[in-house]
Amino acid sequence: SCSDSSMGMFIESKMGRVIITSLEPGYPAYKSGKIQAGDEILDIHGVPAENTDIDELKHIVSGIKDHIVRIKLMRDGEVFEVDIPLRAKQTADAFGIQEKEEIRFPSGDLDSELSRIYGTHAQRLLERLAQSRLHHARKLQEELDLIAGEHERRVERELALARAAAHARL
C-alpha cells in the first residue's frame, strides 16, 4: 500500500489493477465526496494505471503542471472521472514520500502500531491478510504442481515414443 499524501489516498496494486484502499479525511480526494475505498484507478491524467508501477503513477502526478489531477475511476462496473485540485507544493512532491526516510512508530513496528491504534480490528485485518496470502500461495503451488505433472507426463510419452522407435529399428 502506498500513500498519496497530496490527494490523501492510500493505493495498492492488486494483480495489475490499482485500487484505492482508504482516504485521509480533510484531503482533496476525501473532500471531493466522489471517491471511495475500493474504487479502481483506470487512468491518471490520461495515462492508463493498469499494470503501471505505483512509482510511475507517483511520477505522473508529480509532473502535473496545472494543479488539477484528473483521475478516471471505476466502481461497481461504472466508469467516472474526478478532478482533484493540488496546491503548488503538493504538485511538486505529489506523494510526499522521501526514498530514504525511515518511518518510526511509538510502539515499535507497524503491526504493533495498528493494534495500538485500532485494537483488535487491526489484528483481525492482519490475520485476514495472512490467510489471503497463504490461500494465494497454496493456489500457486497447486498450479505449479499441475504444470509439473503435465511436464512429467509429456516427458514419459516422449521417452515411450523414443523407446518404441529404437525398438522398431532393431
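**Close-up views of a predicted model**

View 1. Leu140, Leu144 and Ile147 together make a nonpolar surface patch of about 290 Å². Keep in mind, here and in the views below, that this is a predicted model. Leu140 sits in helix α5, which covers residues 120-169.

**View 2. The hairpin of β2 and β3.** Strand β2 (residues 9-14) and strand β3 (residues 17-23) run antiparallel and are joined by six bridges. Two residues lie between these strands in the hairpin. Take a look at Met15 in the turn, where phi is positive, at about 50°. Across the strand pair, Glu12 of β2 faces Ile19 of β3.

**View 3. β3 meets β4.** Here β3 pairs with strand β4 (residues 40-44), again antiparallel, over two bridges. Ile19 stands opposite Glu40 in β4.

**View 4. The largest nonpolar core.** This core holds 21 residues, and those touching the most other members are Met7, Met9, Ile20, Ile35, Ile41, Val69 and Ile71. At least two core residues come from each of β2, β3, β4, α2 (54-62), β6 (68-75) and β7 (78-85). Helix α2 gives the most, with four residues.

**View 5. The surroundings of Ile41.** Which residues does Ile41 touch, leaving aside those up to four places away in sequence? You will find Met9, Ile11, Val18, Ile20, Ala49, Ile71, Lys72 and Leu73.

Methods: Residues are numbered from 1 along each chain as its sequence is written. This is a predicted model: local features need pLDDT of at least 70, side-chain atom pairs count only at pLDDT 80 or more; totals for chains, interfaces and linings use all residues. Side-chain values use heavy atoms; hydrogens and water are left out. Patches are made of residues with over 30% relative accessible area and no salt bridge: like charges are joined within 9 Å, nonpolar side chains (Val, Leu, Ile, Met, Phe, Trp, Tyr) within 5 Å. Accessible areas come from the Shrake-Rupley method with a 1.4 Å probe; for residues, only the protein chains shown count as cover. A salt bridge is a side-chain nitrogen of Lys or Arg within 4 Å of a carboxyl oxygen of Asp or Glu. Two strands pair if DSSP finds at least two bridges between them. A nonpolar core is a set of buried Ala, Val, Leu, Ile, Met, Phe, Trp, Tyr and Cys residues joined through side-chain atoms within 4.5 Å. Buried means under 20% relative accessible area, exposed over 50%, partly exposed in between (1.4 Å probe, protein chains only). Contact means heavy atoms within 4.5 Å.
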